[in-house]
Amino acid sequence: MQVLIAGGAGFIGSTIASACVDAGISPVIVDNLGTGRREFTTGRAFYQGDIADGALIDQIFADHPGISAAIQCAALIVVPDSVADPVGYYQANVAKSLEFVAHLLRNGCERMIFSSSAAIYRPGADLTVDEDSPLDPQSPYARTKAVCEEMFADIAATQAIRVLSLRYFNPIGADPKLRTGLQLRRPTHALGKMIQAYEEGFPFQITGTDYPTRDGTGIRDYIHVWDLATAHLAALDRFDTLMAGMAATSTVINLGTGTGTTVRELLDAFNQVADRPVKSVDLGRRPGDVAGTYTRSDRAQRCLNWKPRYSIAEGIRHSLDWAAIRDRILA
């Protein structure tokens, strides 16, 4: 079995590719290396270029006629950047995704898994959501994901493609075999910032302490990236049965742990794993930030026979292990 992974040189896409390799599935990667890393494509079929490049996508299918599904992970993902550059985010995340699905249709690819985001939800009073919760994306980044879901649903309703949107919560960790991990030295998400503070010896900045959570800091559902990857394998394996059972051409599934963790709680967990503690300083909210949410749904377990395996502590440990070797791997 061959699978086309758009954005397969990035953090999540490369981890999915590793899980595919381990499962005997051949990943074919297309990535423009805007944020992805060539090192993450070693030993895998790789095409450097844009997902909107029709000639390139046609060439990929000509070279690999056995591709039976596509996983669309290619996107810009930094919330404050999306506030500063909404045009760039809509071009990269929406316009190019539309071109990509058109290329898939032309090449007869009838299955697509879309990397969506839990950031599109309007959380309930208890900050939990399920797949039927109302949508209320609060940043240009989140709105690009919501627009893509609607766009794909419209296309799948009349065209020869079915789309499963997996709404990710907050990925942490690294490939447990340390083949890949977070490629950015200065990431914008909480755990990445903690590791940077740990490495460089400065306080971790808690951005926002007035949210309606148990300690005032944002709350997230932190899921190990390898658990995300194995969920994609389950989705590939059960794709046809799942879509037939739902009698739908498009559907959504949340991928989370079902447990909410605040930023202060994440820092406490980090300090229990790390060999030296990281102090913190409280600051105001960043543009586009929200209180956060976590899933209360078990649809992934029911539909995919999947549930998370790794704990937050293991995710932190794998992140630290990767950070210790990152600069040797990423030249």
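Predicted model: local features only at pLDDT ≥ 70, side-chain atom pairs only at ≥ 80, totals over all residues.

Colleague: Where does Gln-72 sit?

Modeller: Gln-72 belongs to strand β4.

Colleague: And what is Gln-72 in contact with, leaving aside neighbours within four places in sequence?

Modeller: With those neighbours left aside, the contacts of Gln-72 are Ala-6, Ile-51, Ser-97, Phe-100, Met-112, Ile-113, Phe-114 and Ser-115.

Colleague: Let us turn to the nonpolar packing. Which residues touch the most other members of the largest nonpolar core?

Modeller: Those are Ile-16, Leu-236, Ile-253 and Leu-255, in a core of 41 residues. In general terms, nonpolar side chains tend to be buried together in soluble globular proteins.

Colleague: Which helices and strands each supply at least two residues of this core?

Modeller: The strands are β1 (2-6), β4 (67-72), β7 (162-168) and β12 (250-255), and the helices are α1 (11-22), α7 (225-246) and α9 (299-304). Helix α7 gives the most to this core, with 12 residues.

Colleague: Back to Ile-16, then. What is Ile-16 in contact with beyond four places in sequence?

Modeller: Ile-16 is in contact with Ile-5, Ile-71, Cys-73, Tyr-168, Ala-229 and His-232. There is also a second, separate core of 27 residues, which includes Ile-67, Cys-109, Phe-114 and Ile-161.

Colleague: Change of topic: how many cavities of 30 Å³ or more does a search of the whole structure find?

Modeller: The search finds one. The largest cavity holds about 140 Å³ of space. Its lining has 19 residues, and the closest to the cavity centre are Leu-182, His-189, Gly-192, Ile-195 and Ser-319.

Colleague: Which element gives the most to the lining of the largest cavity?

Modeller: Helix α6 gives the most, with five residues. The elements that each supply at least two lining residues are β8 (170-172), α6 (190-200) and α10 (312-329).

Colleague: How does the lining of the largest cavity divide by class?

Modeller: The lining has 11 nonpolar, five polar and three charged residues.

Colleague: What about aromatic pairs; how many are there?

Modeller: The count comes to three aromatic pairs. One of them joins Phe-40 and Trp-322, with ring centres 5.9 Å apart and planes at 55°, so this pair is tilted. Phe-40 is in the loop between β2 (26-31) and β3 (45-48), whereas Trp-322 is in helix α10, and the two are 282 residues apart.

Colleague: Are Phe-40 and Trp-322 buried or exposed?

Modeller: Both Phe-40 and Trp-322 are buried.

Colleague: Why does the pair of Tyr-198 and Phe-270 count as edge-to-face?

Modeller: The planes of Tyr-198 and Phe-270 stand at 75°, and over 60 degrees counts as edge-to-face. The ring centres of this pair are 5.9 Å apart. Tyr-198 lies in helix α6 and Phe-270 in helix α8 (residues 263-273), so the pair ties together parts 72 residues apart in sequence. Both Tyr-198 and Phe-270 are buried.

Colleague: How far apart are Ile-325 and Arg-309 in space?

Modeller: From C-alpha to C-alpha, Ile-325 and Arg-309 are 24 Å apart, and in sequence they are 16 residues apart.

Definitions and conventions:
Residues numbered from 1 in each chain as written. Heavy atoms only, no water. Core = buried A, V, L, I, M, F, W, Y, C linked by side-chain atoms within 4.5 Å. Buried < 20%, exposed > 50% of the residue type's maximum accessible area, 1.4 Å probe, protein only. Helix = DSSP H or I, 4+ residues; strand = E, 2+ residues; numbered from the N terminus. Contact = heavy atoms within 4.5 Å. 1 Å grid on protein atoms, 1.4 Å probe; cavity = no way out; pocket = protein on both sides within 12 Å on 5 of 7 lines; lining within 4 Å. Points joined across faces, edges and corners; volume = space filled by probe spheres on them. Nonpolar A, V, L, I, M, F, W, Y, C, P; charged D, E, K, R; others polar. Phe/Tyr/Trp six-rings, centres within 6.5 Å; stacked < 30°, edge-to-face > 60°.
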